[in-house]
Every structure is written in C-alpha cells, then in structure tokens.
Amino acid sequence: MILSMTGYGRTESQFRGRKIVCEIRSLNSKAMDLTVRLSPALRARELELRNLVTKRIERGKVDLVIEVQSDEVPSTKAALNWSAAEEYARQYSEHFGTPVPAEVMAAIMRLPDVMKNPDEETNLTDEEWQGIQTMLDKALDAFVAFRIQEGAALQAMFTEKLDAIADLLAQVEPFEKGRVAKIKERLEQNLAQLSAQTQAEIDRNRLEQEMIYYLEKLDITEEKVRLTNHIKYFRETMGESLDTQIKHSGSGAGVGKKLGFIAQEMGREINTLGSKSNQSEMQIIVVKMKDILEQIKEQVLNVL
C-alpha cells in the first residue's frame, strides 16, 4: 500500500468557553514546506507545534491552521483597541508635526493589535495547551488516514496502467517473430538487384557477419525482459508495508521517489523499443506505451 502526498485532517473542540479548530492539509512537494497560521494566543507555541507536525509528516506542501475563538460574539466597540490606535496617531503627529491624514488613520485602524480586543485573554492555560496537542494528534491521525485512502486509489490506478503496458508489450511478440526474417529477405532482394560483377566481388562470409550484426542490433529481447522486470519491481515497491514506507520517508528516500526512478527506467526501455521498431504496427504500440507511462509519471509525483 502506498501513501498519497495529498492529505487532510480536522478536529474541533470546546475549552472553557473557547472553540478551538485544528486543520491540516497537504499537497505534493519535493521537500517539507510547512506554513502555519495560528491565533494570537498560540503564536508563542509555534515552534513546538512545528516540531509536532514534522515528527509525523516528512514531505509535502503542508498548511496548519489552529484557531482559538471565543463563544461570545464581541461588540463592534470591543473589537477595536482604541488606546493602541490613539498611541499610533500620537507618535505620527509628534514625528511629522502634522495631524494624521485620513488615509494614514485608515491604515492604523487595520493594524493587528488595533483590531483585537484589548480585554480579551490571549494566554492559554496548561490544560488548554495539553488539549490542543491532543487535538493536533487526532488531526494528524485523520490526515494520515486520508493519505492512506488516497494512496489506495493511486495504487489501483497504477496497477491498471501497468497491466495496460504489459498487455501492449505482449502485443509486440507476433510482429517480432517474422520481423527478422522479413528484414533479411529484403536485404537479400536488394543484393540480388546488384550487377553480377558486383555480386561476384562480395565477400559472402563478411556479408553474413555484417547481416548478423545488423539483425542483432534490431533484436528487442533484452528490452522486453528489462521492461517486464521494471513493471514487476514497480508492483513490488507499491506492495511495501506502510511501516517500511514511513521509515523510508523519514530517511528522505520515500517510495514515491523510488517509483519515479523505476518509471524513468521503464521509459528508457520503451524508447529503445521505439528506436528499434521498423514496423508501423510496433511503433503504434510503443506510442501507446509512452502515453500510459506519462500518466504514471504524472501521478507518481503525488506519492509520498
């Protein structure tokens, strides 16, 4: 089972007249990119919260939002810190020696410490802090469960695409059997069109050696074997246990990166098949393989 880079978790609780909401979500990213948005009461705890998140999440573009809200709806008057606004205005007037212009006053009224309620208690109790940590753990549990669910959908898609590539590879075999014989026959026909004198001067042993060398270069047996092995390895890698994946992810060697490398090697073999294909039917099959592989590569970026 693989894990998706996409995740979402949310918890909500009540603490002594406060509503606390914890939400965490992520999208794909090559490294850990954590953005944190907190209520003023939690800003002093940001580093601790970051550490709690990074212990559980190794990669992804992650957004963490924790809001602490009072159940009481404040009045318009209580929502403004007039004393802070007056202090800003006084300092402006003293510094510039002029009254505060309307546009400057409007900017002052939008400052964070002017908009907040000066009487609102912003410090968290130890009980509330413990509760928020518990909420974050639960949100992370939901987040991981979401990643597992999305990973299952990705794995089903990958399995379907791998089966399609394997089926297309099997369709190459009927064209391969008669291909070498046709090439050899065409070369012989071209030689027969040469003049009798030219044919007499040809070293038949050397000609046979060159023909064997040429036909061996067109042989696709090795490419077929390697592509089959890559498909098998892709499936085995997807089948790694979640514990193994989390361990790999923590060391910076996530399963998603490994699947990306395997997909690249699959592309090499498919490209070589295309370069050796000298029949339109085989080239059509190769184009279909490339199209399916591109779909795999696109979705591998979402694997943790």
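**Exercise 1. Two rings in helix α2**

Task: Y92 and F96 both lie in helix α2 (residues 82–96). How many residues apart are they, and what kind of aromatic pair do they form?

Solution. 
- Start with the spacing. Y92 and F96 are four residues apart, about one turn of the helix.
- Note the source: this is a predicted model.
- Next, the general rule. A pair of aromatic rings is described by the distance of the centres and the angle of the planes.
- Apply it. The centres of Y92 and F96 are 4.6 Å apart, and their planes make an angle of 40°.
- Classify. Planes under 30 degrees apart count as stacked, over 60 as edge-to-face and the rest as tilted. The pair of Y92 and F96 is therefore tilted.
- Check the surroundings. Y92 has 21% relative accessibility, so it counts as partly exposed.

**Exercise 2. The other aromatic pair**

Task: A search of the whole structure finds two aromatic pairs. F158 and F234 form an aromatic pair. Classify it, then say whether each ring residue is buried or exposed.

Solution. 
- The centres of F158 and F234 lie 5.6 Å apart, with 70° between the planes. That makes the pair edge-to-face.
- F158 is in helix α5 (residues 126–192), and F234 is in helix α8 (residues 221–238). They are 76 residues apart, so the pair links distant parts of the chain.
- Buried means under 20% relative accessible area. F158 has 0% and is buried. F234 is also buried, with 0%.

**Exercise 3. The faces of α2**

Task: Check the length of α2, then find where its buried residues lie around the axis.

Solution. 
- Helix α2 has 15 residues, and at 1.5 Å a residue it should span 21 Å. The expected span uses one less than the number of residues.
- Compare. The end C-alpha atoms of α2 are 21 Å apart, which agrees.
- List the buried residues: A84, A85 and A89 are buried in α2.
- Look down the axis. The buried residues of α2 fall within an arc of 135°, so they line one face of the helix.
- Turn to the face away from the buried side. That face carries the exposed residues S83, E86 and E94.
- Finish at the end of the helix. Just after α2, G97 takes a positive phi of about 70°.

**Exercise 4. A hairpin**

Task: In which sense do strands β1 and β2 pair, and which residue in their hairpin takes a positive phi?

Solution. 
- Strand β1 covers residues 7–15 and strand β2 residues 18–27. They pair in the antiparallel sense over nine bridges.
- Pick one position. E12 stands opposite V21 in β2.
- Go to the turn. Two residues lie between the strands, and R16 takes a positive phi near 45°.

Note on methods:
Residues numbered from 1 in each chain as written. Predicted model: local features only at pLDDT ≥ 70, side-chain atom pairs only at ≥ 80, totals over all residues. Heavy atoms only, no water. Pairing = 2+ DSSP bridges. Phe/Tyr/Trp six-rings, centres within 6.5 Å; stacked < 30°, edge-to-face > 60°. Buried < 20%, exposed > 50% of the residue type's maximum accessible area, 1.4 Å probe, protein only. Arc of directions from axis to C-beta.
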